[in-house]
Amino acid sequence: MTPPLMDLPLAMPYGWRLMVDTLTRSRRSWLMSQVRQKDTKPEMVVRRLLHSMGFRYRLHSKELPGCPDLVFSKSKRVIFVHGCYWHRHDCKKASVPSSNVEYWTKKFAENVARDNKVLSKLTSLGWESMIVWECQTRDADALASSLSAFFQN
Ligand SMILES: [Zn+2]
């Protein structure tokens with residue numbers, strides 16, 4: 001899409017790389033949030049815990065649908081560590097912003113739909129998936145039990 005001309009600085013030196021931001025602020029912050037943040041704290045908690053339990057894994061596998069955070073190739077299992085807010089966990093962290101409610105509701109619904117699609121793709125490829133929610137990473141004991149249960153069946 002070509003940016004509207006009026007957005008271009010008038011005195012732009014010839015040859016400068018155009019860095020015109022045509023996104024609205026809310027759109028932009030939403031896009032930024034969609035960029036996968038690697039090594040976020042909840043993910044590190046899960047990684048350290050699994051490592052201490054003796055599991056070995058690959059990270060952020062781009063060959064699989066949804067680029068899962070942790071991949072256990074031998075047992076064909078993947079784990080996603082999801083932020084409660086963006087992925088809409090049924091917990092109090094998943095609040096709705098007070099302005100632009102319609103816009104955010106739609107965006108959130110798209111996130112959830114995308115996540116569901118990823119999970120069903122993985123299932124159809126024979127992979128077992130587990131979602132660890134950000135809020136679940138605060139209780140290491142409970143998390144450790146659900147992780148071992150996931151690997152036992
Ligand atoms: Zn949560």
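Reading from the N terminus, the elements go α-α-β-β-β-α-β-α.

**Burial and contacts overall**

- Of the chain's 153 residues, 11% count as buried.
- Take the contacts between residues at least 6 apart in sequence: 52% of them join residues at least 24 apart.
- Leaving out residues up to four places away in sequence, L70 touches R47, L50, Y57, L59, V78 and I79.

**The sheet**

- The 4 strands make an open sheet with mixed pairing, and their order is β1-β2-β3-β4.
- β1 (58-59) and β4 (128-133) are the edge strands; each has a single partner strand, so one side of each has no neighbour in the sheet.
- β1 and β2 (residues 70-72) run antiparallel and are joined by 2 bridges. In this pair, R58 sits opposite V71 of β2.
- β3 (residues 77-82) and β4 run parallel, with 6 bridges joining them.
- As background, strands in a sheet pair through backbone hydrogen bonds, and the pairing can be parallel or antiparallel.

- How do you get from β3 to β4? Together with helix α3 (residues 101-124), these two strands form a right-handed β-α-β unit.
- The end C-alpha atoms of α3 are 35 Å apart; at 1.5 Å a residue, its 24 residues should span 34 Å, so the two figures agree.
- Is α3 buried or in the open? The number of buried residues among its 24 is 1, so α3 lies largely in the open.
- After α3 comes G126, which has a positive phi near 90°.

**Helix α4**

- α4 (residues 140-152) has 13 residues and reaches 18 Å from first C-alpha to last, close to the 18 Å expected at 1.5 Å a residue.
- There's hardly any cover over α4: the count of buried residues among its 13 is 0.

**Loop residues to look at**

- C67 belongs to the loop between β1 and β2. Its phi is positive, near 45°, even though C67 is a residue other than glycine.
- C67 has 15 C-beta neighbours inside 10 Å, so it counts as partly exposed.
- N100 is in the loop between β3 and α3. N100 is not a glycine either, yet its phi is positive, about 55°.
- With 12 C-beta neighbours inside 10 Å, N100 counts as exposed; the cut-off for that is 12 or fewer.
- R88 also lies in the loop between β3 and α3. Because R88 has 17 C-beta neighbours inside 10 Å, it counts as partly exposed.
- Which residues does R88 contact, once neighbours within four places in sequence are set aside? They are A94, F108, N111 and V112.
- R88 and A109 are 21 residues apart in sequence, but their C-alpha atoms are 8.5 Å apart in space.

**How confident is the prediction?**

- Across the chain the mean pLDDT is 82, and 74% of the residues reach 70 or more.
- Residues 1-21 have pLDDT below 50; beyond near neighbours in sequence, this stretch has 6 contacts in the model.
- Which element has the lowest mean pLDDT, and which the highest? The lowest is helix α1 (residues 25-34), at 60, and the highest is β4, at 97.

Methods
Residues are numbered from 1 along each chain as its sequence is written. This is a predicted model: local features need pLDDT of at least 70, side-chain atom pairs count only at pLDDT 80 or more; totals for chains, interfaces and linings use all residues. Two strands pair if DSSP finds at least two bridges between them. A crossover is right-handed if, with the strands pointing away from the viewer, the path from the first strand over the helix to the second runs clockwise. Two residues are in contact if their C-beta atoms, placed from the backbone, lie within 7 Å. The expected span of a helix is 1.5 Å times one less than its number of residues. A residue is buried if 20 or more other C-beta atoms lie within 10 Å of its own, exposed if 12 or fewer, and partly exposed in between; C-beta atoms are placed from the backbone. pLDDT is the predictor's confidence in each residue, from 0 to 100.
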